[in-house]
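Student: Could you walk me through this protein model, please? I'd like to see how its pieces pack together.

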Amino acid sequence: MRLIVADDYDAMSQSAGDELVSIITKRPSASVLVATGNTPMGLYRELANRRQNRQFDASRLRVFQLDEYLGLAPDDRRSLYGWMLRSFVEPLGIPSENVVRLPGDSDDPDAAGAAFEETILAAGGIDVAILGLGPNGHLGFNEPPAEPDSPTRVVDLTSASIDSNGQYWGGTEQVPRRALTTGMRILLAARQTLLVVSGAHKRDILSRTVSGPITPDVPASLLQAAPNVMVFADRAAWGSDLSRQAVQALLPATEI
Ligand code: PGA
């Protein structure tokens, strides 16, 4: 795991953008698992600008949706699919046939989750996962505790996730109580992972993610044992009780 601490949110988004453009340039047909949430939006704007400046071509990427509320039609204003289309797929000019939706509105969401995993495996697995960090340590909607081999499945959202998702939709009462999430076993098998973390409210969970015990109780801590994980944090998120020396000892590649 590598931790890159940038001065502020914009610098963090640019730094993650540099990395992602380099990955896409090397592998233009990469399979990408795409998060929504507030944190990656700066990164996606950065990518959209660079694509407009013809710095890279995203048209061959294959996109997989990370998570979705249960029971929402794709055109529901709260659909995470719609958010992913608006923020990532459309600005990057990715054709709709390259996008694999996680169908939270399926009559049999567990079977749909299994089919989704088969599609990922048939595509050769995920090349790069773009993830945000939940205030409770969740990745996607892998709420704690989440076992490393957990499949793509239906989950009950915790009150922490309902509270934090309320900001997207105008109040917690707007937030569905259940979701379909890509499972930890797919996330942890990604060839590369970019985790973006911003803001002082993420300090405690960031320090538990990068240097706490590896435990299902903090699903993001399982990334410590995954290959090629880069954590991009801004200084506000980084201002944890960990000393710089302590983190550098744990994570020698840390850039601060
Ligand atoms: P945020 O959400 O980027 O809006 O903080 C992260 C998450 O809950 O996974």
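Predicted model: local features only at pLDDT ≥ 70, side-chain atom pairs only at ≥ 80, totals over all residues.

Student: At what angle do H2 and H3 cross?

Tutor: The axes (lines fitted to C-alpha atoms over the stretch in contact, with angles from 0 to 180 degrees between N-to-C directions) of helix H2 (residues 41-52) and helix H3 (residues 80-89) cross at roughly 45 degrees and come within 9 Å. Helices here are DSSP runs of H or I with at least four residues, and strands are E runs of at least two, numbered from the N terminus.

Student: Which residues of H2 and H3 make the contact?

Tutor: Met41, Tyr44 and Leu47 of H2 meet Trp83, Ser87 and Phe88 of H3, where contact means heavy atoms within 4.5 Å.

Student: And what does phenylalanine 88 touch?

Tutor: Leaving out residues up to four places away in sequence, Phenylalanine 88 touches Val32, Val34, Tyr44, Leu47, Val63, Ile94 and Ile130.

Student: Switching to the sheet, what is the strand order?

Tutor: The open sheet of seven strands runs E1-E10-E9-E6-E2-E3-E5, with parallel pairing, and two strands pair if DSSP finds at least two bridges between them. The edge strands, E1 (2-6) and E5 (99-100), each pair on one side only.

Student: How many bridges join E2 and E3?

Tutor: Strand E2 (residues 31-34) and strand E3 (residues 62-65) pair over four bridges, and valine 34 has glutamine 65 in E3 as its bridge partner.

Key
Residues numbered from 1 in each chain as written. Heavy atoms only, no water.
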